[in-house]
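I opened the file to look up a few features of the fold, and I keep these notes in the order in which I went through them.

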Amino acid sequence: MDILISPLVNMLLVFYGVLGNSFVLSIIVATILIRLVTLPLTLPQQRNSRKMAELAPQLEELKKKHGNDRNKYAQAQMELYKENKINMFGGCLPLILQLVVMIAFYQALTGSLATTPLQLQQLSHRVLPALIPLIPIDPIFLIYDLGLPGILPAIEQNISPLVAQLLIFILPVLVVATTYLSQKLMATPSADPSQASMTRQMNIVMPLMFGLFALQFASGLSIYFIVSNVVGAAQSWLMNRRWQQKPILVPATGLAPVSKASKPITAPTTDKAVVSSKTSKPLKSPAGDNGKKKD
Amino acid sequence: MIRFIARRWLLLVFLVVLPFVLAACGGPPPITSWPGYAVRDNTAYLASANQLIAVNVGGDTAGNALNGWPVESSNASIGFYTTPALVPDGKTMYVGTEQMNGNSGQVLAYTNIERGSETRPSVKWTYPLTTTDYIPGNIYGAMVLDDGALYFGDGKGVVFALNAEDGRPLWPEPLRTTARIWSSVVVDDQNVYAASQDHSLYAVNKQSGKQVWQFPGEGTDIDALVGSPTIYDGTVYVGSFGGTLYAVAAASGQLKWSFKAGGGLWDGPAMVDGTLYFGDQAGNVYALDAATGQNTKWSAKVDGGVKMTPLVDEGVVYVGTDRNRLYAFKADTGQSVWTEPYKARDGESLLVTPIVNNTTLIVLPNLAGGNPVRLIGLNKNTGQELWVYPPRQQN
């Protein structure tokens, strides 16, 4: 983890210096940069999910074909994924790597702000000599100390407890809202009811979980979540638009390909399972009868 | 189907738990406190994490806690980083507190702390005394007791003075700097000197609390001052995070000289017989002519960064590092006194100046990975361990 934290600490300090000693701007720019750098991880993950969603009608067909024989169904499913170059673990590993980056970023953030002497002691081992004049970093942003949860004690002491609670909840609420938006745009519809149900639950649980993090951890992390979610949502929106116009899959099997005309999967702005007569209709078409090659 | 859903839920639970696991595993081993201590009458008073502990450091029972100790803070989120101040009669002790994940501190006066006291230590007063009193930020520096007054700086960058008897503020207004003060202040007959992380050293009049001077003056910038200054013979010595040692005239705030070390500086130098002894974070130890700051008498390389003010005792310089080593050098030549440096446990850091009690060198390592605080008695001539608190069977 240290191998990630030290470069991130120095990156935050460089941005802090360049952006007029504003740590919130430093967090925002660093977050956008991290999103760009991790694009090779997130994009294949999104492509993978999209491919799986586009294959939903074929999977439904396979399910009907193999009935209750789960082994045969699983084998056929694997073959279908293999033929369409879908990595079964493609969605999980990038997610874990993103989590690792997030945790490293959190540690870099709190480490840069060094809110205790021990953190400053550790910072002294991480920071490049040229950046030392920037220390200590000004952690204040509006009513927040970016290195601590909640609002500034000086403000909290001078307002009513109710108003203080409302102010404390501003960032967590923004985190919940942007996480929900980002999840919603990223979620691809699934033909599998259990998977669709899982997606629905994830869309509720994940934002709440991140909202809880926002309440408990330094407010700088909330800024990271919000910016990261907005960038992620924008990325998903753009990709969804593109894939709506140009589906990814190339018809490679004897099963019905996905065509523009059939539009089996529409914009994944809903997390409900897409198993309708409308979507499964094109599967009845013989292979290749409308199968223009897709890019 | 049930198995499938269960697997999905397991994945979700895994993803939820993973951040906490990685947060716990990531980074260097966590040190959960930066303890402080003071010694009087063969008793060491430790302030560590959320406990105050009195440990016998002399005689056959050295390394054992006194009866009635430890004393716990009122709340688990309130911790002690400060070096306690002890009243000469040995009956009263002052400590500052810090609030984890926050920035508010208190000053506590404890009585009945002496060895053999028939009652348990109890709180005599707590500052803030009333709701209208100024609420200090986290207090990490030592409580400095001088002529009936307690002086300290806080995490809000304020220099403060309290009446040691009853905790009443002595100044109409505390002195406010523009960044936190985590170090200890030093005093002389006239002033209190405080190093602020706003890159300035302040002199404050002891009687009025008014600022006397600020170093450096307007138009000059130096790196942040994170460690404690020291004062000898009318000169305040303070090191910067960027690695420059400044010698400043206590009366005027004028720079006498500066010395560029090989690494960042934390606490100020010790001075004996016109020589300054200090170390930097790059692992260099220097013996410098205090008058000029030019002539390095000797220098040595140590394993790890130095944060503490070295201890100089009977011609030997004792200096610890943040990589758990403690060295003993001859003050005049820089030669090693011990056959090899003392090595504390892996993960421990030696950031606090050792104390000599008779022939015992008392060492207080920083906590490593949440382990209980340890206090170690060494033979000061050989560096061999004599005793350890907590005693080994409890350790």
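**Overall make-up.** I note at the start that this is a predicted model. In chain A I find 12 helices and 2 strands, and when I read along the sequence they follow the pattern α-α-α-α-α-α-α-β-β-α-α-α-α-α. Of the 295 residues in chain A, 41% are buried. I also looked up how far along the chain the contacts reach: among those between residues at least 6 apart in sequence, 77% join residues at least 24 apart.

**Helix α3 of chain A.** I compared the length of this helix, residues 39-54, with what its residue count predicts: at 1.5 Å a residue its 16 residues should span 22 Å, and because the end C-alpha atoms are 22 Å apart, the two values agree. I then listed its buried residues, which are A:Thr42, A:Gln45, A:Gln46, A:Asn48, A:Ser49, A:Arg50, A:Lys51, A:Met52, A:Ala53 and A:Glu54.

**Helices α4 and α5 of chain A.** For α5(A), residues 70-83, I made the same kind of check, and the 14 residues should span 20 Å at 1.5 Å a residue, which agrees with end C-alpha atoms 20 Å apart. Just after α5(A), I see that A:Lys85 takes a positive phi of about 55°.

I next looked at how α5(A) packs on α4(A), residues 56-66, and found an angle of about 150° with the axes 9 Å apart. The angle is over 145 degrees, so α4(A) is roughly antiparallel to α5(A). The crossing of these two helices is right-handed. On the α4(A) side I list A:Gln58, A:Leu59, A:Leu62, A:Lys63 and A:His66, which meet A:Lys72, A:Tyr73, A:Ala76, A:Gln77 and A:Leu80 in α5(A). I sorted the residues of this contact into 5 nonpolar, 3 polar and 2 charged.

**Helices α9 and α11 of chain A.** What angle do α9(A) and α11(A) make where they pack? For α9(A), residues 161-186, and α11(A), residues 219-245, I read an angle of about 25° and axes 8 Å apart. That makes α9(A) roughly parallel to α11(A), and α9(A) passes α11(A) in a left-handed crossing. The contact residues of α9(A) include A:Leu171, A:Pro172, A:Leu174 and A:Val175, while those of α11(A) include A:Phe225, A:Ile226, A:Val230 and A:Trp237. I sorted this contact into 12 nonpolar and 9 polar residues, with no charged ones.

**A:Ala196.** I located this residue in helix α10 of chain A, residues 193-216. Is A:Ala196 buried or exposed? It counts as buried, because 20 C-beta neighbours lie inside 10 Å. From A:Ala196 I went to A:Arg126, which is 70 residues apart from it in sequence and 45 Å apart in space, C-alpha to C-alpha.

**B:Pro216.** My last entry concerns chain B, where B:Pro216 is found in the loop between β18 (211-215) and β19 (230-232). I count B:Pro216 as partly exposed, because it has 16 other C-beta atoms within 10 Å. B:Pro216 and B:Thr111 are 105 residues apart in sequence, and their C-alpha atoms are 41 Å apart in space.

Conventions:
Residues are numbered from 1 along each chain as its sequence is written. Chains are lettered from A and ligands numbered from 1 in the order in which they are written. This is a predicted model: local features need pLDDT of at least 70, side-chain atom pairs count only at pLDDT 80 or more; totals for chains, interfaces and linings use all residues. Helices (H or I, at least four residues) and strands (E, at least two) are DSSP runs, numbered from the N terminus. The expected span of a helix is 1.5 Å times one less than its number of residues. A residue is buried if 20 or more other C-beta atoms lie within 10 Å of its own, exposed if 12 or fewer, and partly exposed in between; C-beta atoms are placed from the backbone. Two residues are in contact if their C-beta atoms, placed from the backbone, lie within 7 Å. Axes are lines fitted to C-alpha atoms, for helices over the stretch in contact, and angles run from 0 to 180 degrees between N-to-C directions. Angles under 35 degrees count as roughly parallel, over 145 as roughly antiparallel, 65 to 115 as roughly perpendicular and the rest as oblique. A crossing is left-handed if the near helix is turned anticlockwise from the far one by less than a right angle, and right-handed if clockwise. Ala, Val, Leu, Ile, Met, Phe, Trp, Tyr, Cys and Pro count as nonpolar, Asp, Glu, Lys and Arg as charged, and the others, Gly among them, as polar.
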